[in-house]
Each structure stands twice: as C-alpha cells, then as structure tokens.
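Colleague: I have not looked at this one before. Can you put it up and walk me through it?

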Amino acid sequence: MLKCRVNGKRYIGKSNNIKRRLNEHKNCKSFAPLICKAIAKYGWDAFDKTVLEFCPVEELDEKEMHYIAELKPEYNLAKGGSGPTRVSPSPETREILREAAKKQWADEKYLKLIKKPIICIDTGEIFDSVKSAAAKVGVSYGCISMALNGKMKTAGGYRWAYLNPDDKVSEETSKSLGKANRGKKQSAEQIEKRATKLRGKSNPHLNHYKPVFCVETGRIFASVKIAAESVGITPCFLSKVLHGIGKTAGGYHWKFAKEVFYMTEKEVYDLFVKTGAIMHGHFALTGGDHSARYIEKFRVLERPPYTARLCRAIAEHFKDAQIETVVGPATGGIILAHETAFSLGTRAIFTERVDGKMTFRRGFTLHEGERVLIVEDVVTTGGSVREVIDVVKQFGGVPVAVSMLVDRSGGKVNFGDVPSYALLHMNVETYKPEDCPLCKEGVPLTKRGSTGKK
Ligand SMILES: [Zn+2]
C-alpha cells in the first residue's frame, strides 16, 4: 500500500516482485493513472510504503480485491484482481494474446480509435493515420510511432508529428500494437521504395530545414522543430500553421522565413507609427525649425523584434553584395549595424565622435578593400553618414552602399558615388518659426524628450 503523507490517500497493488513494482511507481511507469499522477505531483518520498500481506502468487488477485474492497483506497480505479501480475505467461497464454492482438488489429472500431492524423514535418504531407504513413514511406508502424513519441528522431528518413498534439498514443497501446505487428513482413515494393530513398538520398527534405519566422517576436529559427521548442509546442502544430491550417501556434503567427524578409514602405511606416516613433503634433526641432511630424527612432530601436525585422529587410537587400562588415555611427547605428550584420553573417562595428570628429575607436580596423555596408537610422541631411563614408575610406575599406531606416529628405539626400537604400522615404516639411502654419493657428508646441542629435 502506498499512502500519501500529504493528503492521506492510498493505493493498493500487488506484485510477485515488490522491488520492481515499486520502481515502476517511482518512475511513473505504472499503468495506474491516479497514483502515477499523485507520485508525479507529490514526489516519491511523500509516500509511505507498507506491505499488507505476503501470500502465494495464486492468491494475489483475491487478496488484492479483498484489500481494495475493505480499505477503499482513493487512488485505485479498478477493483483489483484483473490487473497484470507480471507472471511470465505460458506458451498457451501467449498464443491467446497473440490471437487477440491480431483480432484487435483487424477490428475497424479499434482502428478508428487509434487512427490519429499525423504530419510529415519535412514534407508537410498529412496522413489520416500512422498506418497509412507507414505504408507510404515503407517502414513499420512501430518505427513511425517511436518517431512520434520522441524515442527516435526520424522514421524512414523523415520527422513526424501528430497533427493534434493531444493525440499521443499511450505506451500501452503502442506496446500492444507492436505485438500485433511483430513478424509482419514488408512487401517487396515497400522495401524497394525505402531502399531507393536511402540509396540516392533522393529525399530533398532530408537536409532541408526551412527557417521559420515568428511574426510577433521577429525571431528566425533554423527549423520548425527549433521554433516549436522555443514556445513549447509540438512541431506538427507549428507545421500546420505554416501550411495554412490554423492561424496561430503557441499564441504566435508563423511564416516560412523566406516569405517575410521583404518589407513594404507601408509596413515600415505602420511600424513606426504603431511604436510611436513617428509622432504628429507641433515640434520645435533642434536646429530651430518647426515641423508637424517628428521621428524618435528609439521608439522602434528599443524593441528588439522590430529592429531585427527592419534590419533583416536591409540585409535581404544586400545579401548578394558580398558585404564583409557593417558599420553604423553611434548611437542608433550601433544597434542597426549589430542586427544587420547578424542577418548577413558579417562583422559589426561602429564609428563615434572624438572631440567632435567621427572615427573608429576601440581597436576597430578594416583591411584593405574590405566591403562595408553603412547603416543609419533616420537621415535628414546625411551629414553623419558622409563622415562615416570618409572614415571607412580612410581605413582602407570600400563603402559599398548606405542603408537607412528612414530617408526623411524626400529622396534629396545623396552620398556621391556611394549608392543608398532606404526602407522608408518621407518628406517631412519644416518651417522657420515665423512661417510656421501651426504657430499661426496658435497650436502649442508638443513636448518631447531630447534626441541628442545635432
Ligand atoms: Zn510652429
């Protein structure tokens, strides 16, 4: 008898090998669901173990039934007696079990019960049952079952998952199915199919781990599996959403990464407005001019997922430009260079001012002819960027291009022989205070934090 010291509830069982039986309980491998859960909840040490009686094996069933009837233990579901005693079955019994398993396997009702739709994570193909998937790939039921339950990584060269995460087959079922399937021979056709697959490695999905993009967090994962793990869901569930079945998985929207690198100007604009980076009001700019729109880039840069997404769009534009290093001017440029370089797989360094003069510090250097992408957040006149270009040239690098989040000059800014690219073009009108239409209307100035920009 197991008795929980926390709540006083009991469980009564029988065995011809107590040590083994207790170990099964301890490791939550017993088939008694209530006690199993309780042990998982309270811990093995929270249970007192008592031997109620020693008796001959033949009397075990009877004794168990007696104690359960007498003591009414809370954790027992059955009346006892009928459960497995773990006595090795005789050859006759084994034959009967085998027949029963065969019958079960042929029983349509039973098949329907265990028929769970599954998905091949690599191909995205959905099967109505493990059996049909096994037949298609030419492996055994058990093989796919093991892959589904995480005991093997792949079956037939593919990764598998239940379409519905709750559809895990219990160990009991999978054991009995294993029995039923034992000795079953694969058809010559199935064997050939599988052999072809392995021989020519003809399965294009084997090495094809498609990167996955999480819309809300902006993160990119190398594979469906890694993405699923990051939010604690099953790969199949995520795969479903990726293939358009269902809208969210784990509370997020997902896409295959290659579909989402590009951003339209409207998407960029919406992002800036949504985060409050683009503000509307009546602003006095640092230079003395007035404007109805103001951009505080740090409303975006303070949110890593958005920054990551913007930089990925930049990286996508320059992915074939053989960039070796990304350089940005401090402060916003540090963040952008870092994220863009992360996406491009290059180095990220930054320039900063020493006594008002832009330069590299901290031991940053460029080798002769190093291909450099310059990144900047919001560009109005392009003064800082021009200084960065000069620093890059001075250090022997080649400024391949300038990339901006926002070109707010309305396309007027240019950097001579260095081409430029902006995710968003805006034309922000500025006025001398005496000509300002908002001042004329008597609109009060909108307060804002200092940008530190000169
Ligand atoms: Zn004004």
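Modeller: This is a predicted model. Of the 454 residues in the protein chain, 31% are buried.

Colleague: How many helices and strands are there in the protein chain?

Modeller: The chain has 17 helices and 18 strands.

Colleague: And the contacts, what share joins residues at least 24 apart?

Modeller: Counting contacts between residues at least 6 apart in sequence, 59% join residues at least 24 apart.

Colleague: Let's go to H2. Which residues are buried there?

Modeller: H2 runs over residues 33-42, and Ile35, Ala38 and Ile39 are buried in it. They sit on the same side of H2 because they cover an arc of only 100 degrees around the axis.

Colleague: What about the other side of H2?

Modeller: Pro33, Lys37, Ala40 and Lys41 are there, and they are exposed.

Colleague: Which residue just after H2 takes a positive phi?

Modeller: That is Gly43, with a phi of about 95 degrees.

Colleague: Changing topic: where does Ala341 lie?

Modeller: Ala341 is in helix H15, which spans residues 332-344.

Colleague: Is Ala341 buried or exposed?

Modeller: Ala341 is buried, because 23 other C-beta atoms lie within 10 Å and the cut-off for buried is 20 or more.

Colleague: Which residues is Ala341 in contact with, leaving aside neighbours within four places in sequence?

Modeller: Those are Val326, Thr346, Arg347 and Ala348. As for Arg312, its C-alpha is 9.1 Å from that of Ala341, with the two residues 29 apart in sequence.

Methods
Residues are numbered from 1 along each chain as its sequence is written. This is a predicted model: local features need pLDDT of at least 70, side-chain atom pairs count only at pLDDT 80 or more; totals for chains, interfaces and linings use all residues. A residue is buried if 20 or more other C-beta atoms lie within 10 Å of its own, exposed if 12 or fewer, and partly exposed in between; C-beta atoms are placed from the backbone. Helices (H or I, at least four residues) and strands (E, at least two) are DSSP runs, numbered from the N terminus. The arc is that of the directions from the helix axis to the C-beta atoms. Two residues are in contact if their C-beta atoms, placed from the backbone, lie within 7 Å.
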